[in-house]
Amino acid sequence: MKNNKIGKVLKKEIVSVFRDKKSLAMMLIIPLIIPLIIIGMSALFDAQMSEDAGDNYNKIGFSYELSAKEQEILTSLNIETTVDTEDNLKEKINNDEVYLYITKNENKYTLNYNMSSDKGGYASSLANNYLSIYKEYLQTEKLSSNNINPTDILNIIEIKETDLNTESYFANYIISYAFMFILMAITVSATYPATDSTAGEKERGTLETLLTFPIKSRDIIIGKLLGVTTSSIVTGVLSLILALLSFQFINNTYSIYESIPVTMSIPAILISIIIIIMYSLFISGLSIAIASMSKTFKEAQSALTPLTFLAMFPGMIAFMVGIPTTTLYSIIPFLNFSMIFSDTSAGNINIINIALMITSTIIYIVVVIWYIIKEYKSEKVLFGK
């Protein structure tokens, strides 16, 4: 009988959500922002990585005359050369006419540039590349003139590099930030129906009518909580699906993901769904608790605004600083959801931390429900008296 009463309240809340255009927009349209963020950030990263420094910072000055061979090497490297006096070259650096100039004293070459500038740093890479090629040419000429095979001397050892890193910074960045925005989408999706079903009904006078029915406050609260949670879970799962589809798109579109694509394993996806469900319950209960204390819809919206920031910033800071997940962090609200997701998506599935996150969240939800039920028995909270 009690479950039937909760079910009736739940049905009423779900119908209200799907009938209300704003609630429906929050639930279904906000997830569409996730692909735009993922694709936009990927396009930005790809543009930065594919940007050819040689085409943008290739203006290098020389305070000495260049030989025909030097000019040939510089042309092959697409380096724009300026030959002038050192004083004039210093002035040209200040005016961004050149980004670096080279001085020569016998066999000593000096690179002169602003080391705190990105432009100078890119130009120095080009200059070093040029000097390495020119140095090898001079060595080859010297050895050949002495009847020595340059290959036997210059290639006496072979150097090969192997990248042992199995993770991509860009892939980890995109996955982590995508999930933070998923949490934000869930939060936004929860706050509107939570506000409407509490402060909104209070303002319209329908909440007082509902309480005249033979239904306990506890059943009303649980029904409302499950209704808001259902809306939040739909938003979270839809956002996750769109994120996974976006990962597939950016893997096939942007070169930065060629070696290490953006992927999530099946266990990571399943755990992500668990996190979405637990977070939806938590944020829905918290939203109802805060909105219940407000007299009007607008007042409740203002009170709930900070939740959107709390959904993102703890996890964002933890990711940027590189804080490892611990048993303590696994029970801290907001922070634990993002950190456990980051670990899971990286392949580090810690059952203990996941269990602590679930257990602590359930405890928080029980406390929140108890608080809401207690407050709903207060006439001051219900009717603003």
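Q: A patch joins residues with over 30% relative accessible area and no salt bridge, like charges within 9 Å and nonpolar side chains (Val, Leu, Ile, Met, Phe, Trp, Tyr) within 5 Å. Which residues make the nonpolar surface patch here?

A: Two terms first: accessible areas come from the Shrake-Rupley method with a 1.4 Å probe, and for residues only the protein chains shown count as cover. A salt bridge is a side-chain nitrogen of Lys or Arg within 4 Å of a carboxyl oxygen of Asp or Glu. Here, Phe309, Phe313, Ile317, Met320, Val321 and Ile323 form a nonpolar patch of about 610 Å². This is a predicted model, where local features need pLDDT of at least 70 and side-chain atom pairs count only at pLDDT 80 or more, while totals for chains, interfaces and linings use all residues. Residues are numbered from 1 along each chain as its sequence is written, and side-chain values use heavy atoms, leaving out hydrogens and water.

Q: Is Val321 buried or exposed?

A: Buried means under 20% relative accessible area, exposed over 50%, and partly exposed in between (1.4 Å probe, protein chains only). Val321 has a relative accessible area of 60%, so this residue is exposed. Val321 belongs to helix H13 (residues 297-321); helices (H or I, at least four residues) and strands (E, at least two) are DSSP runs numbered from the N terminus.

Q: How do I read the span of helix H12?

A: The expected span is 1.5 Å times one less than the number of residues. H12 (residues 266-292) has 27 residues and reaches 39 Å from its first C-alpha to its last, close to the expected 39 Å. This helix is mostly covered, with 20 of its 27 residues buried. The C-alpha of Phe282 is separated by 6.6 Å from that of Thr361, 79 residues apart along the chain. Thr361 sits in helix H15 (residues 351-376) and is buried at 0% relative accessible area.

Q: Which strands pair with E1, and in what sense?

A: Strands pair if DSSP finds at least two bridges between them. E1 (residues 59-62) and E2 (residues 80-83) run parallel over 4 bridges, and Ile60 has Thr81 as its bridge partner in E2. Between E1 and E2 the chain passes through helix H5 (residues 68-76) in a right-handed β-α-β crossover; right-handed means that, with the strands pointing away from the viewer, the path from the first strand over the helix to the second runs clockwise. E1 also joins strand E3 (residues 100-105) in parallel by 3 bridges, with Ile60 opposite Leu100.
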